[in-house]
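Grab a pencil and have a look at the model below. We'll work through a few exercises on it together, one step at a time.

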Amino acid sequence: MEHRVGPAPDAAPQVRPYHHPAAGWGAAKSVTRVLVEERELVDGPRAIMRMNHENGGFDCPGCAWPDDTKGLRLDICENGIKHVTWEMTRKRVDRAFFAAHSVTELAGWSDHDLENQGRLTEPMAYDPESDRYVPISWKEAFEVVGAALRGLDDPNRASFYTSGRLGNEATFLYQLMARELGTNNLPDCSNMCHEASGRALQAALGTGKGTVDLKDWESADALFILGVNAASNAPRMLTALAEAERRGAQIVHVNPLVEAAATRTIVPHEFLDMALFTSTRTSTLNLQPRIGGDMALLRGMAKAVLEQSASDPKALDATFVERHTAGFEEYRALCAATSWEELERQSGLSRADILRAARVYTEADRSIVSWCLGLTQHEHGVDTVREIVNLLLLRGNIGREGAGPSPVRGHSNVQGNRTCGIDHRPTGAFLDRLADACGIDPPREHGLDTVRTIQAMRDGEVKVFVAMGGNFALAAPDTPATYAALRSCDLTVQVSTKLNRSHVVHGRAALILPCLGRTEKDHQRKGVQRTSVEDSMSMVHLSLGMKRPASPHLLSEPAIVAGMARAALPDSETPWDWYIEDYDRIRDTMAVALDGFEDFNRRVRLPLGFRIKQPARELVFLTPSGRAEFSTAALPDVVPEPGTLALGTMRSHDQWNTTIYSDDDRYRGVKNLRTLVFMNRADMRERGIADMGAVDITSTAKDGSHRYLKGYTAVPYDIPRGCAAGYMPEMNVLCALGDYSTQSDQPIMKHVKVTIVPAAGG
């Protein structure tokens, strides 16, 4: 058994309804437990006071929610503290650890246990004879990478992955190395999360990003939160929601599950509320569409706006539509032709519910629509995000204060990675500027994304796989296929802070290259360096580590990239060593190469940094028509076939991406259990499944093939009929490698077709 995540055998699973506010004393208790377990009762609180602050603070390595604009001293959250404390642990994975444990043994450990061993301390290379990782010098490790890359008959036989943790300076050097080698094979975690958002917004508005900032959230009259479990994915959003409720704004949550963030909260830095146990509502309306039904809800709201405008012209901003949009009449006709019966059937909501949401929208002068993976990880994710834009355009909710689209990026600097060049489909304009700034001739053909990288590794077309951060083996879909693909490589390289599954599922040759964490000081020749990150609302700011590195043998991510580049490109004229001496030099080059980064070094040192320009915010639409484009996509049929369910994967609360802190999920009332599936009680009765009964789950891929999970526990939950949900990464096995969206190429992990039956012999 290679992949085990679950409670200790003697820990009894418990499921009890959660009725408490999000955050508050539950979060405080959880944070205290983590600080005690990691023995960080001194440095932990110090880090809390330095996180997400200018003037010497470091950026939280967790979510990408913007930093507070009002000088808040505790702009933090439970998950951010967990993430930082997990990184600051005193536990170490050194050469003695690897000498004591073979890779075969480690492959049988749970994912929690792998990461819980602590920080990696020095570079290691896989030795097939002993089946162990053994020490290797940095010079030798770089030469292994360089020799493998130089020996390829085609640079496209290498692929360079990155997770969202990479800072902007390392990101820029990483993509520069890949393109100087001659490939655009730059897959990233965006390929699995917000690719649909970028493509939709680019087509509709001419920008791949949202147009709002945190000040807009502070002045909106209505907030629509779709497919987001904010209490776990972006907990600092709770502050914005609480403030919005207090000023009388309407807050509509749209999610198949009513999550804790959609009820009440006690924000931990509001000390009086904490002392008095005073909670604040975080929603005025909760709607539970079927999985995949959001697009029908949005079109229904648009239909209601248009119908209301016949008697109330103020419901539609006709002047904005006429001056700034294209395709309106076609969209109006499409809405008129879509029946209310079909909208109800596809959304899983009543007409009254849809009209209730539409009323909130038409009565608000300024509205923001925010969304996350609940909308994007579907076949029709691009069309759904474009439907958000359609709705916003009808009332001119683009390009003015307190209004606009606001995708919620789930990982720190994942947006900055894309801005700074991690893109397998770069534009010609970007490549032209890069060529001029860096003196290279970058390749022009598109590279491989995440799914196609896995396919190419499996088929022997990609021989070398390099990952900067993340846990690729667990994050990717179709776990057995991903494992087989990694093992087919000649060389896999993992740049990491902690041990994880991707180190024990490796190529014929493998390297572990340990790097500094976000909390640690980065000493280079010109002194301690700062790195920059971009949040989910396009603010770029500096981050400065505070702690002594976990090991004297750690290198920074920029230094590791430069080391690999020197070895792989011995004739390169790029001044790799010179760049690493002083990161200001990297930023000076970025200022020339990247649109919006002009005068980078000065602007990033301003209080709170600077915001990258957003043409659509100024009603400048870089689309073929020069206007914001309405979309006229057909509604998809998302109603499950008889006997099947639509299953969406998600994170538990005590988890960050593939890092699992425990087998608990406080906000869903789960303790000591991860191998579960949440189901509607009526669906359970129909299938003869008892509460907490053992079940077998079978997924059916687009090609008709099947995948299985055996002996899971069925948990009755408030979820629409025909829907089910469970945790990633365990359930990633159910999403076939070929089950990706034809619109975005994203794996459709939020819409897996499954059957669930009582477990055989149960």
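**Exercise 1. Find out which residues Gln494 touches, leaving aside those up to four places away in sequence.**

Step 1: list the contacts (heavy atoms within 4.5 Å). Gln494 touches Phe465, Ala467, Ser502, His503, Leu511, Ile512 and Leu513.

Step 2: know what you're looking at. This is a predicted model, where local features need pLDDT of at least 70, side-chain atom pairs count only at pLDDT 80 or more, and totals for chains, interfaces and linings use all residues. Residues are numbered from 1 along each chain as its sequence is written, and side-chain values use heavy atoms, with hydrogens and water left out.

Step 3: Gln494 sits in strand 17 (residues 491-496); strands (E, at least two residues) and helices (H or I, at least four) are DSSP runs, numbered from the N terminus.

Step 4: decide whether Gln494 is buried or exposed. Buried means under 20% relative accessible area, exposed over 50%, and partly exposed in between, using a 1.4 Å probe on protein chains only. Gln494 has a relative accessible area of 2%, so it counts as buried.

**Exercise 2. Work out the strand order of the open sheet of six strands.**

Step 1: write down the order. The sheet goes 6-5-18-17-16-7, with mixed pairing; two strands pair if DSSP finds at least two bridges between them.

Step 2: check the edges. Strand 6 (132-135) and strand 7 each have a single partner strand, so one side of each lacks a neighbour in the sheet.

Step 3: On average, neighbouring strands here are turned by 20° against each other, direction ignored. Axes are lines fitted to C-alpha atoms, for helices over the stretch in contact, and angles run from 0 to 180 degrees between N-to-C directions.

**Exercise 3. Describe the surroundings of strand 7 (residues 158-162).**

Step 1: find the partner. Strand 7 pairs with strand 16 (residues 464-468) in the parallel sense, over five bridges. Ala158 stands opposite Val464, and Phe160 has Val466 as its bridge partner.

Step 2: sort the sides. Ala158, Phe160 and Thr162 point one way, Ser159 and Tyr161 the other, and all are buried.

Step 3: Helix 8 lies across strand 7 and strand 16, and runs at about 170° to strand 7.

**Exercise 4. Say what lines the second largest cavity.**

Step 1: get the idea. Rolling a probe the size of a water molecule over the atoms shows where empty space is left. On a 1 Å grid over the protein atoms alone, a cavity is a set of points where a 1.4 Å probe fits but cannot get out, and lining residues have an atom within 4 Å of a point.

Step 2: give the volume, meaning the space filled by probe spheres set on the points, which are joined across faces, edges and corners. For the second largest cavity, that's about 220 Å³.

Step 3: name the lining. There are 19 residues, with Gly517, Arg518, Asp522, Thr531 and Glu557 nearest the centre. Helix 8 (168-181) and helix 27 (557-568) each give two or more residues, and helix 8 has the largest share, three residues.

Definitions and conventions:
1 Å grid on protein atoms, 1.4 Å probe; cavity = no way out; pocket = protein on both sides within 12 Å on 5 of 7 lines; lining within 4 Å.
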